[in-house]
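Dear colleague,

I am handing over the structure below, followed by notes on what was found in it. Please read the notes with the coordinates open beside you.

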Amino acid sequence: MLKRDFIGRLASYGLEHVAEKILGYLDDQSLKSTELVCHEWYHVISEGMLWKKLIERKFLSNSLWRGLADRRGWTKYLFRQLIINGDKPKRHEFYRQLYPQIIRDIEQLENNWRTGNFQLEKIQCRSQNSKGVYCLQYDDEKIVSGLRDNTIKIWDRKTMECIKVLTGHNGSVLCLQYDEKVIVTGSSDSTVRVWNVKTGELLNTLLHHCEAVLHLRFINGTMVTCSKDRSIAVWQMNSPADITIRRVLVGHRAAVNVVDFDDKYIVSASGDRTIKVWDTTTCEFVRTLLGHRRGIACLQYRDKIVVSGSSDNTIRVWDIECGACLRVLEGHDELVRCIRFDSKRIVSGAYDGKIKIWDLQAALDPRSQTASLCIKTLTEHTGRVFRLQFDEFQIVSSSHDDTILCFNFLQAESHVLSICQTQATNFTPSTTMIESSNNENSNEIPSNIFQSQASVQSIMSSSSSSGK
């Protein structure tokens with residue numbers, strides 16, 4: 001068989017951009033191995049900034065990488081670099097060291113979730129009369145909370161201070177959601193109110209339900225509300241001032257505690273122990289999910305999966321298409337009041353004051369042992385947990401104890417951050433680096449790159465051998 005160095009040939013013919021394009025499809029392990037082939041291949045990788053491009057691909061395709069970049073401060077080194085205070089543009093070697101540091105940061109983050117290693121911040125809401133925070137939503141700048149004392153309080157994420165109080169409800173604020181324009185709240189006074197998210201001005205009051213509005217969701221011009229009056233209302237949101245009822249769904253035999261929906265299904269859960277599924281477009285009933293032994297207090301629906309929590313103290317994972325219960329999670333001692341999940345985890349809060357973190361992928365695997373499903377239990381609240389929200393880096397929860405707790409699982413200090421800071425002006429490794437000149441032989445590979453990577457491969461090989 002003929003062996004041809006096609007990468008080297010392309011480079012010698014002035015087609016380095018084609019060689020870079022080919023090698024640009026490699027993952028990190030393949031890119032490491034490719035660097036070891038020869039000087040020409042290493043030259044293509046370094047001149048093409050392929051480690052930088054690999055980081056940029058991860059940034060664009062993965063929300064964890066994007067969030068980490070923002071929090072660690074290396075976003076400015078991607079794409080068109082921001083040159084600050086005369087800083088020189090970063091070269092290949094910088095990104096080659098940055099990538100493994102990012103991987104270590106992600107591994108440490110995952111380990112923190114498993115071990116319960118977090119930094120805790122607390123907001124004392126200091127309600128005047130009735131104490132308790134029933135609902136919340138957060139972003140990088142603010143936390144919006146609905147309180148038992150009839151108010152909506154907005155908190156600054158950096159200072160943890162209250163920056164605005166919205167008043168107008170005549171009962172406890174039980175549910176809320178906001179976007180870039182409005183905050184929509186539901187209350188035990190039976191009303192739904194719409195507020196300007198920036199100014200706090202009351203824009204609209206919706207009167208339909210005859211008892212407490214227990215939950216609401218809105219997206220893309222559609223809003224769904226549910227109530228203690230056993231009904232579900234589907235609304236058309238043309239503007240904050242123009243919101244009209246499209247359909248009322250009736251079928252539950254007790255208070256409807258929670259709703260969620262997407263373009264295909266509306267999902268509702270009730271004190272009657274059932275979860276009902278409705279067609280979002282036609283609003284026609286589709287099916288009922290049966291299994292909980294007592295009333296259902298919370299659920300979330302996404303990607304064909306429904307996760308629900310009940311006053312039978314259990315969590316159930318469902319396939320919405322066939323209605324099958326895929327897993328029952330047991331561990332809480334009282335009513336499961338709030339539940340959220342993403343592609344990796346389920347996080348639940350209950351009246352026992354505990355927040356539990358569960359392994360979703362293991363829960364979906366019928367071979368997994370039940371005892372291995374709960375990853376960690378957090379016991380920082382001193383009262384019932386009413387609501388929580390989480391992302392890759394944190395959990396934010398609220399409670400009857402009148403506090404909002406922020407559990408940050410990302411370490412405050414990082415090797416990645418130190419690289420960005422200490423090497424902001426010059427990248428100075430311990431070995432002789434590539435120097436640019438007009439001489440085609442002047443691009444020398446760092447003298448220890450082959451030795452160090454070969455050592456790593458040797459260690460991995462010996463480990464694999466010893467494990468057999």
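Four strands form an open sheet in the order E18-E19-E20-E21, with antiparallel pairing; here strands (E, at least two residues) and helices (H or I, at least four) are DSSP runs numbered from the N terminus, and two strands pair if DSSP finds at least two bridges between them. Strand E18 (296-302) and strand E21 (325-330) stand at the edges with a single partner strand each, so one side of each has no neighbour in the sheet. From one strand to the next the twist averages 15°. Within this sheet, strand E19 (residues 305-310) and strand E20 (residues 314-319) pair in the antiparallel sense over five bridges, and Val 306 has Trp 318 as its bridge partner in E20.

The model is a predicted one, in which local features need pLDDT of at least 70 and side-chain atom pairs count only at pLDDT 80 or more, while totals for chains, interfaces and linings use all residues. Residues are numbered from 1 along each chain as its sequence is written, and side-chain values use heavy atoms, with hydrogens and water left out.

Another antiparallel pair is made by strand E12 (residues 231-239) and strand E13 (residues 242-250), over eight bridges. A hairpin of two residues joins E12 to E13, and the bridge partner of Val 234 in E13 is Arg 247.

Over residues 18-54 the chain is 76% helix and 0% strand, with the end C-alpha atoms 16 Å apart.

Helix H3 (residues 28-35) and helix H5 (residues 50-61) pack at an angle of about 175°, their axes 11 Å apart, the axes being lines fitted to C-alpha atoms over the stretch in contact, and angles running from 0 to 180 degrees between N-to-C directions. H3 and H5 are therefore roughly antiparallel to each other (an angle over 145 degrees). Asp 28, Leu 31, Lys 32 and Glu 35 of H3 make the contact with Leu 50, Trp 51 and Leu 54 of H5, where contact means heavy atoms within 4.5 Å.

Just after H4, Met 49 takes a positive phi of about 55°.

For the chain of 468 residues, 51% count as buried, and the secondary structure comes to 10 helices and 28 strands.

Best wishes

Conventions
Parallel < 35°, antiparallel > 145°, perpendicular 65-115°, else oblique. Buried < 20%, exposed > 50% of the residue type's maximum accessible area, 1.4 Å probe, protein only.
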